[in-house]
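Good morning, and thank you for making time on the agenda.

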Amino acid sequence: MHPLKAPSPDGNRVKKVLPSVIDEEQSMFVQGRLITDNILVAMECFHWMKKKMKEKKILMNEKPSKTFNPERGLQQGDPISAYLFVICADVLSGLLKKEAVGGGSIHGTQVARRAPKISHLFFVDDSILFSRASVKEVEKLLEVLTTYLKASSQVVNLEKSEASFIRNMRDEVKQMIHNRMWNRDLVMQCFNRNEALQAISIPLSIRNPMDSLIWYRERNGEYSVKSAYHLIKGMEEAEGAGPLNRLKETIWKVRMLPRIKNFVWRLCKDILPTEANLLKKGSCFETLCPLCSEAPESSSHLFFLCPFAKRVWFAFPTNTRVPENVDVVSWMEECLGGKEVRVDQLLCICLWKIWGARNKRVFDGKDSDPYCVAQDVMDAAWECEVAETW
Ligand SMILES: [Zn+2]
């Protein structure tokens, strides 16, 4: 018999003599032995070998090669892979047999009264599963398949899979069974191939609830524009096309000290330790802006809305518009990356100096004069310029 073909009924006769003729190293299909015994022994062996293995060198053209670690492995096309596949498939066979013969929950088929019951036939990577046409048995089959697929990391080729019924099957029963499976044609029509295959591979709920539309970004399943906006923004960022990614490039191109770039980038990501951010992280107190004590200290307040920040920007020579209701990232997108390289530099240094004034107030208890801060910005930019020309 070809090693990959399904066993014939002779198998039952062979089975009886197997325990007395097969070495104890083999446990597959031998009555009274468990495949798990060998797995445990093998694990122990591999563990021991791993501990024992040392780096090796070999002589190549009479010169010692680089050191390497000897490893076990299997590459594609290795003649043994087909046999390994058969061995793995036997686990599925075992699971089905357990349900069919042991549990009686899958009945299989019988071509004649005295013929053997067949619950499944495997042809290398094609399989035929037989069961009674009842929702309960189909569910059991799906359960066994799911268990096997999860354990083996194999995937059912859904495009090639189908359900066939005997000829006199009632339409209502067919419909009930089909209801327990995805309507493959409809799913294929609605989505692109990859999405459809992903959808179909999700096992259907055993409770069989009514179909309904659910927006998974919201807890209550209802669609909201806000969550869709965040979804798209997240996708853009992941693809490298979102505003933060563009800003990152712009900021890194500005000629200034790396620590200022780093600060501006942290501001964009909104991870500066402002009071509002600390509150988000679980700080117990909400303290007001240390520079004006008029509002909670958020990034947009500290850098734009705070009277102190407004005065700094007012004294600033670039005519920069101070936004009333725009977040930091949107403002940077609008103002940075223009033709004037110096403007980018000045704006970044100005943000940095406002943060410095805030820290001076928080940590040293000292107030700064907004006009002096604006002057400081100009001086720092000038120093950068001098440093570059030297
Ligand atoms: Zn303030």
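This is a predicted model: local features need pLDDT of at least 70, side-chain atom pairs count only at pLDDT 80 or more; totals for chains, interfaces and linings use all residues.

Because K261 has 18 other C-beta atoms within 10 Å, it is partly exposed. Which residues does K261 contact, once its neighbours within four places in sequence are left aside? They are I251, W252, V254 and M256. As for I251, it is ten residues away from K261 in sequence, and the C-alpha to C-alpha separation is 6.3 Å.

I turn now to the helix as a whole. The buried residues of α10 are I260, F263, V264, L267 and C268. Viewed down the axis of α10, these buried residues fall within an arc of 145 degrees, so they line one face of the helix. On the face of α10 turned away from the buried side we find the exposed residues P258, R259 and N262.

What do the buried residues of α10 pack against? Their partners are α9, α12, α14 and α15.

This brings us to the largest nonpolar core, which has 35 residues. V264 is among the residues with the most contacts inside it, together with A309, V312, C348, C350, L351 and I354. Two or more residues of this core come from each of α9, α10, α12, α13, α14, α15 and α16. The largest share, ten residues, is supplied by α15. Setting aside residues up to four places away in sequence, C350 touches V312, F316 and V377. Another core, of eight residues, lies apart from the largest one and includes A100, I106, V138 and L141.

Finally, two backbone details. Just after α10, D270 adopts a positive phi of about 55 degrees; this residue belongs to the loop between α10 and α11. D270 is partly exposed, because 16 other C-beta atoms lie within 10 Å. S293, in the loop between α11 and α12, likewise has a phi near 55 degrees, a positive value in a residue other than glycine. Is S293 buried or exposed? With 9 other C-beta atoms within 10 Å, S293 is exposed.

Technical notes:
Residues are numbered from 1 along each chain as its sequence is written. Helices (H or I, at least four residues) and strands (E, at least two) are DSSP runs, numbered from the N terminus. A residue is buried if 20 or more other C-beta atoms lie within 10 Å of its own, exposed if 12 or fewer, and partly exposed in between; C-beta atoms are placed from the backbone. A nonpolar core is a set of buried Ala, Val, Leu, Ile, Met, Phe, Trp, Tyr and Cys residues joined through C-beta atoms within 7 Å. Two residues are in contact if their C-beta atoms, placed from the backbone, lie within 7 Å. The arc is that of the directions from the helix axis to the C-beta atoms.
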